[in-house]
Every structure is written in structure tokens, then in C-alpha cells.
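Thanks for making the time this morning. I would like to walk you through one chain, a piece at a time, so please keep the display in view while I talk.

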Amino acid sequence: MQDLGKKISTPEWRRRNSMAEDKIPLLKPYKMGKFHLSHRIVLAPLTRLRSYGNVPQPHAILYYSQRTTKGGLLIAEATGISDTAQGYPSTPGIWTKEQVEAWKPIVEAVHDKGGIFFCQIWHVGRVSSYGYQPNGQAPISSTDKLVPPHTYPDGTVQKYSPPRRLRTEEIPLIVNDFRLAARNAIEAGFDGVEIHGAHGYLLEQFMKDGVNDRTDQYGGSLENRCRFALEVVETIVKEIGAEHVGVRLSPFADYMTCRDSNPDQLGLYLVQSLSKHDILYCHMVEPRMLTVEGKAEIPRGLLLMRKSFNGTFIAAGGYDRDEGNKVVEEGYTDLVAYGRIFLANPDLPKRFEFNAPLNKCNRHTFYIPDSVVGYTDYPFLS
């Protein structure tokens with residue numbers, strides 16, 4: 001695997017730090033473990049539904065390389081760990097040799113431009129239906145409670161199939177699927193993996209008491225509910241090394257009716273537990289935005305968690321240029337992840353540098369299967 005951190009000598013690193021003193025906070029360099037980042041702007045993982053047959057496609061080479069800067073961190077779209085992990089059309093996987101080989105030129109393109117690339121690995125759990133599952137079986141989860149139908153902005157209604165509660169003895173098999181996916185990501189050339197423990201998917205279905213109704217060692221107490229996720233982390237750390245592992249969490253969210261009665265306690269317990277494994281970073285989603293006097297404001301609810309984590313901290317949650325600069329300058333977070341505005345502005349770091357106008361994203365083309373429209377056709381600064 002390519003070690004980008006070894007390419008920059010100590011004198012060169014000091015020179016760059018000196019040159020960066022007058023830059024805005026988001027554009028100042030940062031050392032994340034062994035990786036030397038040239039700025040604090042992270043490409044958030046964005047589901048794009050353009051990996052036909054669950055295999056990454058050549059058009060992703062252009063998509064990711066467009067958003068790559070030397071020393072910039074990118075997190076790939078959520079990538080399935082197994083044939084039971086799927087719940088959406090045309091999402092990529094990393095459990096077969098074909099998928100691993102298809103990822104290699106995409107990762108190489110990012111590395112050729114000097115980027116650092118992590119693969120987000122996930123399992124959707126009950127956010128699925130029979131049609132996405134092998135042999136039409138029931139989706140798996142911590143519970144047998146059904147996800148209610150979800151209505152998208154265009155009026156489309158997504159219905160889900162009743163899940164099957166995982167038996168206690170089956171859980172180590174899923175942990176092993178995560179391990180193999182992490183190993184495959186390294187084989188594909190990724191610099192590391194981000195374990196998807198957010199947004200109502202399988203790991204969060206175990207973590208949150210609004211969904212988890214188990215009575216075995218994976219249910220009930222906070223420690224029991226987090227056991228599965230932490231076993232996944234521990235197993236992957238042993239497989240590829242803590243310096244190649246990040247985790248994404250969203251304790252305050254209620255995606256897919258996955259909510260917790262005490263999100264502050266949940267988030268704090270998780271970051272303290274993750275610190276014991278010395279993982280590289282924690283990627284945390286902010287609480288839901290508030291509207292104050294007609295303006296959306298980020299609640300800034302992550303400070304205690306940030307202080308309790310001993311690695312790199314990444315905050316996500318609707319930040320713009322000014323808010324991003326503010327939270328980095330104040331030490332609220334080390335890095336800021338940008339999603340939709342990075343999608344619509346593939347040269348986002350340059351636009352932030354010059355405080356240039358931003359392209360607006362087109363929500364109607366987020367998930368269409370086109371290999372260009374809404375994908376690689378957003379304009380750059382001239």
C-alpha cells in the first residue's frame with residue numbers, strides 16, 4: 001500500500017507549515033497519523049448509485065480524481081461488505097475479487113494526484129428488501145422490527161421488507177465479513193477504511209435503544225448495545241492496523257427511525273471506547289440543524305466527544321466556508337467533511353481559498369444512473 005506520509009521530508013513539512021501561517025484555518029496543513037494533509041477539507045462519503053451490478057465503474061476514476069488535491073483526504077462512498085449488505089441499487093461492494101480489481105484504478109488515480117483515500121465499508125441491515133438479498137431472504141438486523149416506508153422528495157415511496165433478527169452465534173460471521181472487507185480495501189490500494197456506524201444502518205441498529213430490543217449480550221445495557229460495533233473495530237484493527245482505521249458515528253440522528261434515548265451518553269461512550277483502540281480518526285455527524293431567526297445554525301454538540309477522543313476528529317453537518325473555518329480555528333474539530341457542496345464543486349479547496357462563488361448542487365441528479373450528468377459535469381473555476 002502506498003505510504004504518502006513518507007514522501008514529505010521534515011524540512012519540507014516545516015517549510016509548508018511556515019507558508020501556511022497566513023492561510024485560512026481550513027487550508028492549513030495537518031498531520032493525521034502518518035498522513036500529511038495539506039488542508040482540513042474532507043470529501044464526505046456520498047452514495048452515488050452508479051456502480052452497476054455492485055461493481056465500481058471506470059467513470060468513478062474521473063469522479064474521484066476531479067475532487068482530489070495533493071494531500072487531501074477523500075472518503076469513498078459506502079461500500080458493501082457482503083452480498084447481504086445491500087439495500088440500494090448500484091452501490092459498490094468490496095467482497096469479491098472482481099470488485100477489488102475494479103477499485104484499483106480508481107484508487108490509483110487518487111494516489112497519482114497525491115490524495116489520501118479511505119474506503120467506507122457498510123452493512124445496511126434492515127434498510128433493505130428481499131430483492132436486494134441473496135435468494136430473496138429477509139434482511140438481517142438486531143431486531144425483527146420493520147423500517148416504515150420512506151418517501152423521497154420526488155414523491156417516490158421506498159418500502160422495506162421485514163428483517164430477521166440475527167442469532168447470537170451469527171454475529172461473529174458478520175464481524176468476519178467486515179474484517180475481510182477491510183483486508184480487501186487494503187488489497188485494492190486504499191490507505192484505510194472508515195467503518196460506517198451511522199445513519200440507521202446495521203451497526204447503529206445495534207447501538208441505539210430505539211431499535212435494539214435484544215435480550216442477549218448484544219442488547220439491553222449501553223455496553224451490550226455497542227458490543228457488536230466495537231468487536232468490528234477491534235477485529236479490523238488487528239487485521240490492518242489502527243493507523244488505517246476510522247469510524248463514522250451519528251448518535252444524534254434518527255435516520256430510518258433509528259434513534260437513542262440518550263445520544264450524548266451513547267456518543268461519549270463510543271468515542272472513549274474507540275480511543276482505547278487508538279484508531280486514526282472519528283468522523284462524527286452533528287445534531288440536526290436549528291433554525292434561529294430564519295437562519296440555519298449548527299448546534300455544535302460534539303465538543304465533549306471531541307475532547308474525549310485521542311485521535312483525529314472530523315465533524316460533518318452542513319458546514320459552509322465560514323463555519324468550517326470557525327470550528328477549526330477554535331479547536332472544535334481537526335477536519336471538516338463536506339458532502340453536497342464538494343459534490344457540486346469538485347475544486348472546493350480552491351474555491352474556499354479565493355472565497356469564490358459556489359456551484360449549486362442539483363438534488364434531482366444525485367442518484368440517477370447517468371455516468372456523467374450530476375456526477376462529473378459540475379464546472380471548475382476558470
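Ile 314 stands opposite Leu 335, a residue of strand S17, and I start with this pair in what is, please keep in mind, a predicted model. The two strands involved, S16 and S17 (residues 335–338), run parallel and are joined by three bridges. On the way from S16 to S17 the chain passes through helix H9, residues 321–329, and this β-α-β crossover is right-handed.

S16 also has a partner in strand S13, residues 281–285, to which five bridges join it, again with the strands running parallel. In that pairing, Cys 282 is the residue that stands opposite Phe 313 of S16.

How many of the five residues of S16 are buried? The answer is five of five, so the strand, which spans residues 312–316, counts as mostly covered by the definition of buried as under 20% relative accessible area. In a regular strand the side chains alternate between the two faces of the sheet. Here Thr 312, Ile 314 and Ala 316 lie on one side, Phe 313 and Ala 315 lie on the other, and both faces are covered.

Let me stay with helix H9 for a moment. At its N-terminal end the cap is Asp 320, with a side-chain oxygen 3.3 Å from the backbone nitrogen of Asp 322. The buried residues of the helix are Arg 321, Gly 324, Asn 325, Val 327 and Val 328, and what they pack against is S17 together with helix H11, residues 348–354. Just after H9, Gly 331 takes a positive phi of about 80°.

Turning to the nonpolar cores, the largest has 81 residues, and those with the most contacts inside it are Tyr 64, Ile 121, Phe 190, Phe 228 and Ile 236. Helix H6, residues 222–240, gives the most to this core, with 10 residues. If you pick out Phe 228 on the screen, you will find that it touches, beyond its neighbours up to four places away in sequence, several residues including Ile 171, Leu 202, Phe 206 and Tyr 218. There is also a second, separate core of 16 residues, and Tyr 30, Phe 35, Leu 73 and Ala 337 are among its members.

Now to the charged side chains, where the count comes to 21 salt bridges. One of them joins Glu 239 and Arg 183, at 3.1 Å from N to O, and this pair links distant parts of the chain, with Glu 239 in helix H6 and Arg 183 in helix H4 (residues 171–187), 56 residues apart. Glu 239 is partly exposed because its relative accessible area is 24%, and Arg 183, at 33%, likewise counts as partly exposed.

Are Arg 351 and Asp 347, which meet in a salt bridge of 2.7 Å, buried or exposed? Arg 351 has a relative accessibility of 4% and therefore counts as buried, and Asp 347, at 9%, is buried as well. Arg 214 and Asp 216 also meet in a salt bridge, at 2.8 Å, and both of these residues are buried. Finally, a network of salt bridges links Lys 97, Glu 101, Lys 104 and Glu 187.

Technical notes. Residues numbered from 1 in each chain as written. Predicted model: local features only at pLDDT ≥ 70, side-chain atom pairs only at ≥ 80, totals over all residues. Heavy atoms only, no water. Core = buried A, V, L, I, M, F, W, Y, C linked by side-chain atoms within 4.5 Å. Buried < 20%, exposed > 50% of the residue type's maximum accessible area, 1.4 Å probe, protein only. Helix = DSSP H or I, 4+ residues; strand = E, 2+ residues; numbered from the N terminus. Contact = heavy atoms within 4.5 Å. Pairing = 2+ DSSP bridges. Right-handed = clockwise from strand over helix to strand, strands pointing away. Polar contact = N/O pair within 3.5 Å; in protein donor to acceptor, adjacent residues only side chain to side chain. Salt bridge = Lys/Arg side-chain N within 4 Å of Asp/Glu carboxyl O.
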